[in-house]
Every structure is written in C-alpha cells, then in structure tokens.
Amino acid sequence: MTRRYNFCAGPAALPEPVLEQARDEMLDWHGAGLSIMEMSHRSPEIVGVAQRAEATLRDLMGIGDDYAVLFLQGGASTQFAAVPLNLLSEGGVADYVNTGQWSKKAIAEGKRFGNVNVAASSEDTRFTTIPARETWQLSASADYLHYTPNETIGGVEYFWVPETQAPLVVDMSSTILSRPVNVADYGVIYAGAQKNIGPAGLTLVIVRKDLLGKADARCPAMLDWKTAADNDSMYNTPPTYALYLAGLVFEWLKGQGGLDAMEVINRRKAEKLYAAIDGSAFYANPVELQSRSLMNIPFTLADANLDKAFLVESEAAGLLNLKGHRSVGGMRASIYNAVGEDAVDALIAFMQDFERRNG
Ligand code: PMP
C-alpha cells in the first residue's frame, strides 16, 4: 500500500493513525459485536462517543461552560443561513466583512433573511488583503458581525481579532484546530468538518449560550441552535460515524501536544513553503505578507502554460490535489494538520526540480 501526499482543500488528509484505528475497529467496536455505523444513536455506546468527542474538543480549544458545542449536519454552507435565522432580529442589521469567495457566499445567504451591511471588502485587491479595522463601516447596533478568519480559496488569514460591540460570528472551517484561539472572543464559531476535524458530513457550531433562543419563528427546527443544544445534538439522527472519527482526530491532536504544538508545526510548514515560493522568480503568492494563510497556500507559475505539466508531473510524483481553485487559477497547497512536514518537504523538492527543468 502506498499512501500519497494529499494537498486537497477538503475533504482533506486525515491522520494515518486515526484511519488505522478506524480500520481496526470497523467490524467490532470495542467488543460490541457491531460496527459504530450500525448502532442506535440513543445507545450508550454512541452517546459515550459523542460525549467524549465533545469533552476532548472542549479541552483542546479551552471551551468554557458558557458555550454550547453542537455537532450538526449540512456543512458550513447551511450555517450561512442558520446564522441569520438564529441571530438576525426583525428590522435588525448584521455586519459582514467580505474577504473572499466564502465571505461572499455567507453575505448572499444573509441577504435572503434580513438587512446586511457589508462593512468592508477587499474585492478591489482581488481578495489578497484584509481591510484594516479602522476602515470598517460598522452599523450602530448590529446583531452580529460575521467574518471569515481564513479564506480557503484566496489563502488569506486574520492573525488578529477585531474589536466590535456586536458578537463576532466566524466561519472557521479552514483554520479551526490549526492553532489556539480564545473562544471567549467569539459569539459563534462554526466549521465544516472536512478539513481539520474529520470526514465530511459533520458540522461544528460553538455558540455562547446567551445567544441561544433568539431564532426567528420560521427557523426550521433543524437549523435552530437551541433545539440542537436542548437535545445534545441528537434532535434527529446525527452523523454517528463522522462524529466517532472526529473524536479520534481530537484525541490524536491531544497526543500531538494540543493546539500549541500544532501551531509550531503548522508555522514551520507554512514558512518553508512561502520561503520556497518567495525565493524563486518562477513561483509567486499574491497575498499581503501579514495575512498569508497557514493552511491554504495558493501559488502561480511564471508561465500559466506550464500549469498542466506541473499538475500531471506532481501527481505522478505522488503529490495530489494541487490544482488551484478555478476562480484564482494556478496551484494551491492545503497543508492542514494531517499533512506532515514530510509532505511539504516533498512538495518543495518537486517545485524546485520542476523549476530547474522549466524555468
Ligand atoms: N467556508 C469555508 C471557509 C470553506 O472553506 C468551505 C468549504 N471549502 C465552506 C465554507 C463550505 O463548507 P461546506 O462544504 O461544509 O458547506
């Protein structure tokens, strides 16, 4: 068996020890004589799996008792609608910051449900910057401010937390668990699982409890965070297998030394790759220096006519999914937690060799 290096933006690489454990437990989970997938979500086994996953995540991220942890479905895209349905009051306004394709989708969905004020946008720089906080045109009393701490497509990441009166609501899909955050800074954190959490199909929402119970009367029960919180995320059948795998990923992260240790590794990986890009006239990354993502690193080749050869040859070298998003072109390396430093080293070696042959 040869496992190859996977730079996919999501569903992304999973830690190999997690996959091995899942394989070993597949047919008979802990002597139950059943697979996890075949058990009732009301069984003590699954309830225990869910409780352990939540406890480990609370420990990893330092989530206080004043926050509910919800394991939902529908991906981050469903939360683009759930956020206004839960928080945007009749006649109220929500502020949004637009830093890329994912912000835009959240804004478009928000507009379906009420008043949205786009307080700042970096569209004029083709989403290669983050507008300075002083330039944001915030509403006087917004119900919340939404932003995207890491834009997966543009490769733009905030390394600061804006100060605002309104509660911060953040789409952390592609940065969550890559480094420590102060959960108390946020009203709501949400994320699709398929990058740093586990397999697709699971959606995480961490919500400050005083923000529960404000949902619009028309909010579907499945999107109402309070319904989920009151039912321990088991209002309906949760994605039990994805939840089990997420729990294994959380334990793996603890074994790696937690999020402080992951940040050290992730910074080292990203710095190496940016140094290789910046040190060459053949490759380029357009993002302003202080906002370069640790997780998603887009880069272009000096001659776009070589893109195809780069992709064919990198794949043959065992480096998968390097094609950039169609909206920005070029390449993108997503280097989430489960993408090891060896993968980044192999990518850099390939890039240097490709440049030697084609530069
Ligand atoms: N937000 C961000 C930042 C993302 O990267 C993605 C997926 N790539 C999404 C939202 C959409 O997530 P989902 O597919 O889980 O709906």
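Alanine 120 counts as buried because 20 C-beta neighbours lie inside 10 Å of it; a residue is called buried if 20 or more other C-beta atoms lie within 10 Å of its own, exposed if 12 or fewer, and partly exposed in between, with C-beta atoms placed from the backbone. This is a predicted model, in which local features need pLDDT of at least 70, side-chain atom pairs count only at pLDDT 80 or more, and totals for chains, interfaces and linings use all residues. Residues are numbered from 1 along each chain as its sequence is written.

Alanine 120 sits in strand β4; strands (E, at least two residues) and helices (H or I, at least four) are DSSP runs, numbered from the N terminus. Leaving aside residues up to four places away in sequence, alanine 120 touches Val97, Pro131, Thr135, Trp136 and Gln137, where contact means that two C-beta atoms, placed from the backbone, lie within 7 Å. Alanine 261 is 141 residues from alanine 120 in sequence, and their C-alpha atoms are 34 Å apart in space.

Phenylalanine 127 has a positive phi of about 60° although it is not a glycine, and it counts as buried because it has 24 C-beta neighbours inside 10 Å. Serine 233 also deserves a look: it is not a glycine, yet its phi is positive, at about 60°. Serine 233 belongs to the loop between α5 (225–230) and α6, and with 23 C-beta neighbours inside 10 Å it counts as buried.

Now to the helix pairs. Helix α1 (residues 16–24) packs with helix α6 (residues 240–255) at an angle of about 135°, their axes 9 Å apart; axes are lines fitted to C-alpha atoms, for helices over the stretch in contact, and angles run from 0 to 180 degrees between N-to-C directions. α1 and α6 are therefore oblique to each other, since angles under 35 degrees count as roughly parallel, over 145 as roughly antiparallel, 65 to 115 as roughly perpendicular and the rest as oblique. On the α1 side, Pro17, Val18, Gln21 and Ala22 meet Leu245, Leu248, Val249 and Trp252 of α6. By class, the residues of this contact are seven nonpolar, one polar and no charged; Ala, Val, Leu, Ile, Met, Phe, Trp, Tyr, Cys and Pro count as nonpolar, Asp, Glu, Lys and Arg as charged, and the others, Gly among them, as polar.

What is the angle between helix α7 (residues 258–278) and helix α9 (residues 341–358)? Their axes cross at roughly 0° and come within 10 Å, so α7 and α9 are roughly parallel to each other. In α7, Ile265, Arg268, Lys269, Lys272, Leu273 and Ala276 meet Glu341, Val344, Ile348 and Met351 in α9. This contact has six nonpolar, no polar and four charged residues.

Finally, the ligand. Around it are Ala9, Gly10, Gly75, Ala76, Ser77, Trp102, Thr148, Thr152, Asp171, Ser173, Ser174 and Gly192, a residue being near a molecule if its C-beta atom, placed from the backbone, lies within 6 Å of it. The shell comprises three nonpolar, eight polar and one charged residue, and helix α3 (residues 75–87) gives the most to it, with three residues. The peptide bond from glycine 10 to proline 11 is cis, with omega near -5°, and proline 11 lies in the loop between β1 (5–6) and α1.
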